[in-house]
Amino acid sequence: MPSYDAIVIGVGGMGSAAIYHLAKRGWKVLGLEQYSIPNDLGSSHGHSRMIRYTLQEHPSYVPLVRRAYELWHELEDSAGETLIVTTGSVRAGPPDSPFFKGAKEACDVHGIPYEILTATEVNKRFPGYRFPDEISSVYQADGGFLLPERCILDHVWAAKEAGAEVHEHEAVLDWQPDGEGVRVNTGQGAYTAGRLVVTAGAWAAKIAPQIARHALPERQVLGWFQPERPELFRPESFPVFGIWTEQGRYYGFPSYSVPGFKLGRAHHLRQQVDPDKMDREVHAEDEEILRQFASRYFPLGAGQALTLTTCMYTNTPDEHFIIGVLPDNPQVSVAAGFSGHGFKFASVIGEIMADLAQHGETRHDISLFRLDRFNP
Ligand SMILES: Cc1cc2nc3c(=O)[nH]c(=O)nc-3n(C[C@H](O)[C@H](O)[C@H](O)COP(=O)(O)OP(=O)(O)OC[C@H]3O[C@@H](n4cnc5c(N)ncnc54)[C@H](O)[C@@H]3O)c2cc1C
């Protein structure tokens, strides 16, 4: 039976980074992916993912994003292509909203420079925006977006160059502890390894039932709309944004690589799903939610829908990630429950997963993500 130092289940955003870091450390690694690499059936497709220091989620994400930026730039250098498009980022909402207050706090705690802009100032500086008076914004110049499909491919190519083996279209059926290591069974064969790394995204709970109650997949919808004034929705004139409104949390991106102003509503219709049975069609109601928002806050971007697609979040109860070693199986580590904000960190999560496989611990502060926090 073929044997490895580590097997990584799921080669999406996180798994591609994990195999890269393990292979770079000289480990004999196998990555197993049930679909193609990249694919549009999980959580990492759609041409852009926001990266920003305005981390209203919690100030302790800031050191992680700092390291993530460094690693993305290293990957850009080795791949010889752009992976981050810098547009600036706007984090907005009423002054007492968690988006505005939290983004400002994260920057203050970590000495990240930013500007506070009124709605009038935002609308003047970025004329694609039409924020109402009650909205305040934290503008941070280093924000922008990653090209997720390219990030995954570049991690995989670099991992292969460092000796990793990667199998596409090979689904893991199950795994068992095998002495100090694991045995992994797929539709095509069986493998053994000293360490198992589970980065299976929305399917993580099927591979690691220990986290099943706390990593719940949810259907999302993304739309690309035809702007009436395309020049106002280009990366040089349109920063990425997230805004807290009474109707929910919305986010958006300038037109890039595919036509249209891209936007979505976080948690969309709050539909929990089985990733193997999710409704992947987009319906009139889905489009209407996005269009109503665009018409109010970005009226010059609310033209015809060019593309609409589905995607999945995997939510934890507190929307912080789940990262750690399984208590009963210390040879197995899991990274899951990224709750709709994980991609920007994928490069550093890869480093963390390599640390956990190699040493059982990491120098990065991952205390917010402990597996046992939901089972005191
Ligand atoms: C609409 C949307 C917008 C988002 N916007 C942002 C954003 O702007 N910024 C940001 O930072 N984050 C964002 N996120 C979140 C981010 O994209 C995710 O947190 C991240 O992509 C998760 O990566 P992953 O590796 O866990 O999952 P995936 O990339 O989906 O990878 C998991 C892989 O595991 C494979 N797999 C599963 N089971 C098996 C098995 N049994 N055998 C073999 N392979 C298996 C799957 O096929 C899949 O390819 C967004 C997410 C969505 C859905």
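Is Gln56 buried or exposed? Gln56 is buried, at a relative accessible area of 14% (buried is under 20%, exposed over 50% and partly exposed in between, with a 1.4 Å probe and protein chains only).

## Basis of the model

The model is predicted: local features need pLDDT of at least 70 and side-chain atom pairs count only at pLDDT 80 or more, while totals for chains, interfaces and linings use all residues. Residues are numbered from 1 along each chain as its sequence is written, and side-chain values use heavy atoms, with hydrogens and water left out.

## Gln56

Gln56 sits in the loop between β3 (49-51) and α2 (62-79). Helices (H or I, at least four residues) and strands (E, at least two) are DSSP runs, numbered from the N terminus.

The side chain of Gln56 makes a polar contact with the side chain of Arg52, at 3.4 Å. A polar contact is a pair of N or O atoms within 3.5 Å; within protein, one must be able to donate a hydrogen and the other to accept it, and residues adjacent in sequence count only if both atoms are side-chain atoms. Leaving aside residues up to four places away in sequence, Gln56 touches Arg91, Pro98, Phe99, Gly102 and Ala103 (contact means heavy atoms within 4.5 Å).

## Helices α1 and α5

The axes of α1 (residues 13-24) and α5 (residues 148-161) come within 8 Å and cross at roughly 25°. Axes are lines fitted to C-alpha atoms, for helices over the stretch in contact, and angles run from 0 to 180 degrees between N-to-C directions. The two helices are therefore roughly parallel to each other (angles under 35 degrees count as roughly parallel, over 145 as roughly antiparallel, 65 to 115 as roughly perpendicular and the rest as oblique).

On the α1 side the contact is made by Gly13, Ser16, Ala17, Ile19, Tyr20 and Ala23, and on the α5 side by Ile152, His155, Val156, Ala158 and Ala159. Ile19 of α1 is buried, with a relative accessible area of 0%. Not counting residues up to four places away in sequence, Ile19 touches Val8, Val11, Val29, Gly31, Val156, Ala159 and Val166.

## Helices α2 and α8

For α2 and α8 (residues 346-359), the axes come within 7 Å and cross at roughly 95°. These helices are therefore roughly perpendicular to each other. Leu64, Arg67, Ala68, Leu71 and Trp72 of α2 meet Ala346, Ser347, Val348, Glu351 and Ile352 of α8.
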